[in-house]
Amino acid sequence: MNWLRNFMYGRYGVDQLGNFLFISYIILFVISLFVPYVGFLCYALIIYSLFRMFSKQIYKRQAENEWFLSKTTGIRKFFNRQKNKWKYRKTHKYLKCPHCHQYLRVPKGKGNITITCPTCHQQFDKRT
Ligand SMILES: [Zn+2]
C-alpha cells in the first residue's frame with residue numbers, strides 16, 4: 001500500500017463532486033447496456049473523474065467542487081431532510097411553518113402543542 005500512498009501524495013483524491021460523478025457513471029453504465037451511444041458518455045465521465053482524482057492542481061479541483069456544491073444546495077438539503085426524517089421518525093415529526101415555510105422538527109406524541117417558529121417567531125398549534 002506504500003506505493004499507492006506515494007502515488008496519491010499531492011494529488012486531489014475524492015470529493016463530493018467525485019462521488020457524484022462516480023454514481024452518475026454507474027447509473028449511465030446500466031443505461032448504456034440498453035441504449036446505444038450512452039457508453040461514450042460513460043467513458044467521458046469516468047475519464048473526467050479519474051482526471052480529477054489524480055490531478056495535482058488542487059485549487060482548481062476545489063473550485064470545481066465549490067461550484068458543484070453551490071449549484072446543488074437545494075437538492076442536498078432535500079435529501080438530508082429525508083434522511084433525518086427517517087432517522088428520527090420514532091421520536092420527532094417534521095412540519096413546515098405555515099407563515100415562512102421553514103422546516104421544523106417537533107417531538108412526537110405530545111398531543112396538542114403550540115409551536116413557536118425560531119425563524120419568524122409566529123406561533124401555531126399542531127397535534128403531534
Ligand atoms: Zn416561521
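Which side chain meets that of Glu64 in a salt bridge of 2.6 Å, N to O? The partner of Glu64 is Arg52, where a salt bridge denotes a side-chain nitrogen of Lys or Arg within 4 Å of a carboxyl oxygen of Asp or Glu. The structure is a predicted model, in which local features need pLDDT of at least 70 and side-chain atom pairs count only at pLDDT 80 or more, whereas totals for chains, interfaces and linings use all residues. Residues are numbered from 1 along each chain as its sequence is written, and side-chain values use heavy atoms, with hydrogens and water left out.

Under the salt-bridge criterion the count comes to three. Arg52 also forms a salt bridge with Asp15, with the closest N and O atoms 3.1 Å apart. Because Arg52 lies in helix α3 and Asp15 in the loop between α1 (2-8) and α2, this pair ties together parts that are 37 residues apart in sequence; helices here are DSSP runs (H or I, at least four residues), numbered from the N terminus. Both Arg52 and Asp15 are buried, a class defined by under 20% relative accessible area, as against exposed at over 50% and partly exposed in between (1.4 Å probe, protein chains only). For Arg52 the relative accessibility is 1%. Glu64 lies in helix α4, so its pairing with Arg52 of helix α3 ties together parts that are 12 residues apart in sequence. Glu64 is bridged to Arg61 as well, the closest N and O atoms being 3.1 Å apart, and these two residues, three apart in helix α4, are separated by about one helical turn. Arg61 counts as buried, at 4% relative accessibility.

The 17 residues of α3 should span 24 Å at 1.5 Å a residue, in agreement with the 25 Å between its end C-alpha atoms; the expected span is 1.5 Å times one less than the number of residues. The buried residues of α3 are Val38, Cys42, Leu45, Ile46, Ser49 and Arg52. They cover an arc of only 125° around the axis, which puts them on the same side of α3, the arc being that of the directions from the helix axis to the C-beta atoms. These residues pack against α2 and α4 (58-71), contact meaning heavy atoms within 4.5 Å. On the face of α3 turned away from the buried side lie the exposed residues Phe40, Tyr43 and Ile47.

A nonpolar surface patch of about 960 Å² is made by residues including Phe22, Ile26, Phe29, Leu33 and Val35. Patches are made of residues with over 30% relative accessible area and no salt bridge, like charges being joined within 9 Å and nonpolar side chains (Val, Leu, Ile, Met, Phe, Trp, Tyr) within 5 Å; accessible areas come from the Shrake-Rupley method with a 1.4 Å probe. Val35 lies in the loop between α2 (16-32) and α3 (38-54) and, at 38% relative accessibility, counts as partly exposed.
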